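Welcome to this short tour! Keep your viewer open and select each stop as we reach it.

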Amino acid sequence: NVETKVEGFEKRLTSLEGRLDSSFAHGSPIQLLPRGELILQGSGMKDFIDSRKDELLTHCKGKHTMKNPYDIQESVFKYFEEYDFGSFEDNLKEAAFNFGSSIEVVKRIGAIYFRDICLAVHGYKPEDLDPSQEISDVA
């Protein structure tokens with residue numbers, strides 16, 4: 001048997017596809033661009049997350065480590081890759097098709113939005129993910 005899955009490849013491919021799609025910026029911190037905001041709204045993902053925020057927070061915290069901003073981001077991204085969206089998955093597929101994107105990018109857009117919610121709940125801001133700010137503040 002030859003192992004065909006390269007660890008982390010799918011996550012990197014989604015990040016690359018999202019950047020090429022102009023949906024989100026890869027720089028630190030990763031943030032939604034105007035197209036990403038449009039997809040977030042147009043897919044129904046924002047409403048989906050907002051209406052289930054407490055449930056998503058509870059489940060995500062229960063399954064993943066959230067000790068610092070980086071852990072929060074990685075945990076949320078992994079959580080959204082594995083999350084069972086149930087019947088809402090059809091909305092995501094339709095949005096991916098309508099926006100000329102992939103379902104993975106639509107999920108990542110939702111994950112970036114939810115990451116910001118998780119960061120705020122833990123007393124952080126997206127800017128706290130940028131270690132270069134800390135280095136330049138010390139210099």
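**The whole chain**

What you see is a predicted model, in which local features need pLDDT of at least 70, side-chain atom pairs count only at pLDDT 80 or more, and totals for chains, interfaces and linings use all residues. Residues are numbered from 1 along each chain as its sequence is written, and side-chain values use heavy atoms, with hydrogens and water left out.

Now colour by burial. Of the 139 residues in the protein chain, 40% are buried (under 20% relative accessible area, with exposed over 50% and partly exposed in between; 1.4 Å probe, protein chains only).

**Stop one: two packed helices**

Select residues 34-42, helix α2, and residues 103-121, helix α7. At what angle do α2 and α7 pack? The angle is about 95°, and their axes lie 10 Å apart. Because of that angle, α2 is roughly perpendicular to α7 (65 to 115 degrees; under 35 is roughly parallel, over 145 roughly antiparallel and the rest oblique). The axes are lines fitted to C-alpha atoms, for helices over the stretch in contact, and angles run from 0 to 180 degrees between N-to-C directions.

Show the side chains next. From α2, Gly36, Ile39 and Leu40 meet Val106, Ile109, Gly110 and Tyr113 of α7; contact here means heavy atoms within 4.5 Å.

**Stop two: Ser75**

Move to helix α5 (residues 69-82) and pick Ser75. Is Ser75 buried or exposed? Ser75 counts as buried because its relative accessibility is 7%. Its side chain reaches the backbone oxygen of Asp71 at 2.7 Å. Leaving aside neighbours within four places in sequence, Ser75 touches Cys60, His64, Thr65 and Met66.

From Ser75, step across to its contact Cys60. How many disulfides does a search of the whole structure find? The search finds zero, a disulfide being a pair of cysteine sulfur atoms within 2.5 Å. For Cys60, the nearest cysteine sulfur is that of Cys118, 5.0 Å away. Select Cys118 as well: Cys118 is in no disulfide either. Cys60 is buried, at a relative accessible area of 0%, and Cys118 is buried, also at 0%.

Methods:
Helices (H or I, at least four residues) and strands (E, at least two) are DSSP runs, numbered from the N terminus. A polar contact is a pair of N or O atoms within 3.5 Å; within protein, one must be able to donate a hydrogen and the other to accept it, and residues adjacent in sequence count only if both atoms are side-chain atoms.
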